[in-house]
Amino acid sequence: MGVEGCTKCIKYMLFFFNFIFWLAGCVILGVSLWLRHDQKTSSLLDLKYEDASAPSTFYISVYILIAVGAVMMFVGFLGCYGAIQESQCLLGTFFACLVILFACEVAAGIWGFIHKDKISKELINFYDSVYDRGVAETVTEKKQAAAAVLKVFHETLQCCGKDGFTSILTGWATDLCPEKKAILSYQESCHSKIKTLFTEKIYLIGIAALVVAVIMIFEMIFSMVLCCGIRNSPVY
């Protein structure tokens with residue numbers, strides 16, 4: 001015979017939250033794998049031009065998310081098993097893992113908020129450097145190499161140039177834009193498109209992190225209450 005009364009209710013609530021936590025780990029793992037292999041993002045971040053390459057900051061963040069998703073799945077399973085078995089050792093280990101994960105998530109959230117524009121700025125700088133060198137380059141092969149990189153940006157994001165003026169200039173003077181349009185209705189600049197692309201993904205990651213943080217708080221409370229209930233149970 002194990003715990004009874006309210007503690008038994010806490011036991012099943014903890015199991016339920018742990019199952020949700022495990023599912024959240026699966027979702028984060030799936031989303032991070034999608035972010036890593038998303039065709040639009042990958043086509044831009046895999047670009048290289050001579051000695052310059054697109055920034056890898058975004059991929060580093062995605063790899064961290066993959067690791068977090070895998071750890072969450074393991075910790076969620078540990079919590080489910082510990083709750084069902086009413087094991088103080090497993091629940092204590094589970095609580096310690098949650099505290100570490102929560103601390104890491106808070107630290108990552110603060111770092112992400114401070115550097116939320118870093119990825120888009122780095123990619124914009126890379127685009128600008130290729131654009132400027134492509135315009136100024138006189139050697140045909142190097143100019144074609146720059147044109148190939150710029151064309152990937154333009155066709156992937158449906159943009160053209162650094163701002164309104166360069167959008168018009170690039171459209172009239174080259175064939176890099178996805179399609180010719182009237183001068184007053186040219187496509188949006190690549191700067192704004194790059195910012196929009198990564199802002200959407202950062203918001204998606206932020207919402208997922210907030211939901212997981214709320215679940216973790218409830219789990220830490222329930223795991224300690226259940227652990228204390230097991231310790232105070234006459235059976236133990």
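I started at C97, which sits in helix 4. For my notes, helices (H or I, at least four residues) and strands (E, at least two) are DSSP runs, numbered from the N terminus. Residues are numbered from 1 along each chain as its sequence is written. This is a predicted model, so local features need pLDDT of at least 70 and side-chain atom pairs count only at pLDDT 80 or more, while totals for chains, interfaces and linings use all residues; side-chain values use heavy atoms, with hydrogens and water left out.

**C97.** Is C97 buried or exposed, or partly exposed? I get 23% relative accessibility, so C97 counts as partly exposed. The cut-offs are under 20% relative accessible area for buried, over 50% for exposed, and partly exposed in between (1.4 Å probe, protein chains only). I also looked at V75: its C-alpha atom and that of C97 are separated by 7.0 Å, with the two residues 22 apart along the chain.

**Whole chain.** I count 8 helices and 2 strands. From the N terminus on, the order reads α-α-β-β-α-α-α-α-α-α. Of the 236 residues, 39% come out as buried. Taking contacts (heavy atoms within 4.5 Å) with a separation of 6 or more, 75% are between residues 24 or more positions apart.

**Helix 1.** I checked its length. The 32 residues should span 46 Å at 1.5 Å a residue, and the end C-alpha atoms are 46 Å apart, which agrees. The expected span is 1.5 Å times one less than the number of residues. Buried residues of helix 1 include K11, N18, S32 and R36, along with L14, F17 and F21. What do they pack against? I find helix 2, helix 3, helix 4 and helix 8.

**N18 and E219.** N18 lies in helix 1, and E219 in helix 8. N18 has 0% relative accessibility, so it counts as buried. E219 also counts as buried, because its relative accessibility is 0%. Leaving aside neighbours within four places in sequence, N18 is in contact with G76, G79, C80, F94 and E219. On the same terms, E219 is in contact with L14, F17, N18, F21, F94 and L98.

**Core.** Of its 49 residues, F21, F58, L123, F126, F153, I194 and F198 touch the most other members. The largest share of this core, 12 residues, comes from helix 8.

Last, I looked at the largest pocket, which holds about 1,200 Å³ of space. A pocket here, on a 1 Å grid over the protein atoms alone, is an open set of points where a 1.4 Å probe fits, with protein on both sides within 12 Å along at least five of seven lines; lining residues have an atom within 4 Å of a point. The volume is the space filled by probe spheres set on the points, which are joined across faces, edges and corners. Which of the 40 lining residues are closest to the centre? They are A108, G109, G112, I205 and A209. Helix 8 gives the most to the lining, with 12 residues. By class I get 28 nonpolar, 8 polar and 4 charged. Ala, Val, Leu, Ile, Met, Phe, Trp, Tyr, Cys and Pro count as nonpolar, Asp, Glu, Lys and Arg as charged, and the others, Gly among them, as polar.

How values were computed
A nonpolar core is a set of buried Ala, Val, Leu, Ile, Met, Phe, Trp, Tyr and Cys residues joined through side-chain atoms within 4.5 Å.
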